[in-house]
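Please look through the structure shown here before reading on. The paragraphs after it go through a few of its parts in order.

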Amino acid sequence: MRVGHTYTRHFDLETKQHELLGMDLGEGAPRRALVLGLVLYALWTGALLLLFGLPSKITFTLYFLPPLITAVYGTQRSRVIERRWNITRWSIGVRYLVLGHRPIISAGRRAANRSEWISRRARWAGKAELLAESPLGPLVERWLGAEESVPPGAGAPVRLAARPRLYGPDAVGKAYGRKAMQQYRGNTS
């Protein structure tokens, strides 16, 4: 039996910034984390400046802390999927809740019908009741849509029982030999 190894985590070399504006950063901070933090800070602070104006002594924390926390915890490796950052997992989860999931049918040969999508109410299953009890309940109910049963034409899930086989060089040689012999016989008659 053959065993495959993935070495991508071993080759995950990250550049570090050791000095910033004349300040020594010691062992260095990852550059990708610094760039992400800068972008988040610019977007967050820009939006708050447009909405509320310049910060006061009290609201300065609101302007500064959320992008910092997001950058620090978001750039850590996910415990669920080691290859991803936490911010990637968070954004995929939010995208799933907001936009939904559209199944891939026959390797993309056919687009999924609207009835084959997972409904918004089904995606928000555990949170829908909590949101409906909030003061925004009627708006949430309208946004979630009507309760849907199983879409028409949908049946039980299809179970696949694929069994891969590994053929050695002798079996491949036999198969090639048969094919070559059949071609030879076809050309002589």
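Predicted model: local features only at pLDDT ≥ 70, side-chain atom pairs only at ≥ 80, totals over all residues.

Residues are numbered from 1 along each chain as its sequence is written, and side-chain values use heavy atoms, with hydrogens and water left out.

Helices (H or I, at least four residues) and strands (E, at least two) are DSSP runs, numbered from the N terminus. Leucine 21 is not a glycine, yet its phi is positive, about 55°. Its relative accessibility is 85%, so leucine 21 counts as exposed (over 50% relative accessible area; buried is under 20% and partly exposed in between, with a 1.4 Å probe and protein chains only).

Helix H1 spans residues 31–52 and helix H2 residues 60–74; their axes come within 9 Å and cross at roughly 155°. Axes are lines fitted to C-alpha atoms, for helices over the stretch in contact, and angles run from 0 to 180 degrees between N-to-C directions. H1 and H2 are therefore roughly antiparallel (over 145 degrees). Residues in the contact (heavy atoms within 4.5 Å) include Trp44 and Phe52 of H1 and Phe64 and Pro67 of H2.

UniProt, in an unreviewed entry, lists residues 33–52 as "transmembrane region"; such annotations may be inferred rather than shown by experiment. In the model, residues 33–52 are 100% helix and 0% strand, with end C-alpha atoms 27 Å apart.

Methods. Parallel < 35°, antiparallel > 145°, perpendicular 65-115°, else oblique.
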